[in-house]
Amino acid sequence: MEGVTDPAFREVMLELHGPNVLGGAFTEFVVVSRGAPVQEHVLRKHLGRTDFGTPVGMQLMGPNPDTMAETARRVEALGVVPVLDINFGCPAKGALKSCAGSAALRDPRAMEAVVRKVADAVSAIPVTAKIRAGFDDADHVEDLSRAVEQGGAAMLTIHCRTRAEKYQDEVYWERIARAVSAVSIPVCGNGSVKTHADLERMRRETGCDYAMVGRGALADPWIFSGEEVDRRRSFQFLCRYVEAMRTAGPGHPPGLAARVKQLIRYWTAGDAVSDTRTSWLRDPDPSHFLTRLTEAADGG
Ligand SMILES: Cc1cc2nc3c(=O)[nH]c(=O)nc-3n(C[C@H](O)[C@H](O)[C@H](O)COP(=O)(O)O)c2cc1C
């Protein structure tokens, strides 16, 4: 998730769960501009460490099939990315303005052409695509799903909200079932998986092959295993995240605290912050915030 699940977050998640529990992860979307393909060092930075035994795919988002295709070639040439995903779901104004992300949902044929161009550009790694259930409405789920399949994607991920529904609470998993009926490639369902039990429920109720967790993993990294951890372990995860960020980069206290606060907004693991969330979020002093985190991880 862009701006949240950075390589350091992924590192801590993939340390926590092996591939039998967490089948795979994707990078945040990498923006591919209209004018030029993404440089190799930028791709490597997005990817971070990949030596966990769990596949880490890379996600690209961009409006231009040519720069997307050339970037895809560069991703494949890195030799460590097992799958390449295309983002057709981002509802952000910036993405729409540049005709990327969910903008493509208005034109299934153009979307199909992007998938085809990217799939043709790589020789050995599969290309997958992530869509929403539609732009303004969900009337065209089948058409959009088939466009992804016909473009040559090896898997479809469908976030069951439309672009207009953004991140609203109410979801309609039956749209995932409609996508499953429309295509013969594997389908990964996404949208409002909030508990470990929801993972299986989504598969059972929709027939999808895989289930993808978004914000549920920000609230509780153990959602994938179903383990219930105590307060201390939940804070230890956050401290390990801080350590991974420090190793990856300069890691100044304000930046570190800001990243952890993004998780604390959602955090339910270990019931650690339900009574104190506001005081964590409003702590004005990053160094104090980080010390408090360490004390909580030590059992304080
Ligand atoms: C802050 C934020 C950043 C996101 N960034 C991405 C992204 O980079 N790529 C992507 O495919 N989806 C992204 N998403 C969407 C999620 O992957 C997911 O589709 C969405 O949150 C619905 O799932 P959920 O209800 O389980 O959260 C993002 C969502 C949020 C809230």
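Q: In this predicted model, which residues of helix H1 are buried?
A: Helix H1 covers residues 7–16. A residue counts as buried if 20 or more other C-beta atoms lie within 10 Å of its own. In H1, the buried residues are Pro7, Ala8, Phe9, Arg10, Glu11 and Leu14.

Q: Against which elements do the buried residues of H1 pack?
A: Two residues are in contact if their C-beta atoms lie within 7 Å. The partners of the buried residues of H1 include helix H2 (40–47) and helix H10 (231–248). Taken together, the elements they pack against are S1, H2, S2 and H10.

Q: Which strands stand at the edges of the open sheet?
A: The sheet is open and has 7 strands with parallel pairing, in the order S1-S2-S3-S4-S5-S6-S7. An edge strand here has a single partner strand, so one side of it is left without a neighbour in the sheet. The strands in this position are S1 (25–31) and S7 (210–212).

Q: Over how many bridges do strand S2 and strand S3 pair?
A: Strand S2 holds residues 56–61 and strand S3 holds residues 84–88. Across the two strands, glutamine 59 stands opposite aspartate 85 in S3. The pairing of S2 and S3 is parallel, and its number of bridges is 3.

Q: Which helix packs on the sheet and touches S2 and S3?
A: The helix in question comprises residues 65–78. Its direction makes about 160° with that of S2. This helix, in touch with both S2 and S3, is H3.

Q: Is aspartate 85 buried or exposed?
A: Aspartate 85 has its place in strand S3. Leaving aside neighbours within four places in sequence, its contacts are Phe26, Gly57, Gln59, Thr128, Ala129 and Lys130. Because it has 23 C-beta neighbours inside 10 Å, aspartate 85 counts as buried.

Q: In S4, which residue is the bridge partner of leucine 84?
A: S3 and S4 pair in the parallel sense over 5 bridges. Within S4, the bridge partner of leucine 84 is valine 127.

Q: Through which helix does the chain cross from S4 to S5?
A: S4 and S5 pair in the parallel sense over 5 bridges, and the bridge partner of alanine 129 in S5 is leucine 156. The β-α-β crossover that leads from S4 to S5 is right-handed, and its helix is H6.

Q: Which residues are the closest to the ligand?
A: The shell around the ligand has 6 nonpolar, 10 polar and 4 charged residues. S1 and helix H9 (215–219) each supply at least two residues of this shell. Of the 20 residues that surround the ligand, the closest are Met1, Glu2, Phe29, Gly214 and Arg215.

Q: What is the phi of cysteine 99?
A: Most residues other than glycine have a negative phi. Cysteine 99 is found in the loop between helix H4 (93–97) and helix H5 (108–121), and with 15 C-beta neighbours inside 10 Å it counts as partly exposed. Although cysteine 99 is not a glycine, its phi is positive, at about 65°.

Q: What is the phi of aspartate 271?
A: The place of aspartate 271 is in the loop between helix H11 (253–264) and helix H12 (277–282). This residue is partly exposed, with 13 other C-beta atoms within 10 Å. Aspartate 271 is not a glycine, yet its phi is positive, at about 50°.

Q: How far apart in space are leucine 47 and threonine 27, C-alpha to C-alpha?
A: Leucine 47 lies in helix H2. Beyond its neighbours within four places in sequence, leucine 47 is in contact with Pro7, Thr27, Val56, Met58 and Val81. Leucine 47 and threonine 27 are 20 residues apart in sequence, and their C-alpha separation is 6.2 Å.

Note on methods. Residues are numbered from 1 along each chain as its sequence is written. This is a predicted model: local features need pLDDT of at least 70, side-chain atom pairs count only at pLDDT 80 or more; totals for chains, interfaces and linings use all residues. Two strands pair if DSSP finds at least two bridges between them. Helices (H or I, at least four residues) and strands (E, at least two) are DSSP runs, numbered from the N terminus. Axes are lines fitted to C-alpha atoms, for helices over the stretch in contact, and angles run from 0 to 180 degrees between N-to-C directions. A residue is buried if 20 or more other C-beta atoms lie within 10 Å of its own, exposed if 12 or fewer, and partly exposed in between; C-beta atoms are placed from the backbone. A residue is near a molecule or strand if its C-beta atom, placed from the backbone, lies within 6 Å of it. Ala, Val, Leu, Ile, Met, Phe, Trp, Tyr, Cys and Pro count as nonpolar, Asp, Glu, Lys and Arg as charged, and the others, Gly among them, as polar. A crossover is right-handed if, with the strands pointing away from the viewer, the path from the first strand over the helix to the second runs clockwise.
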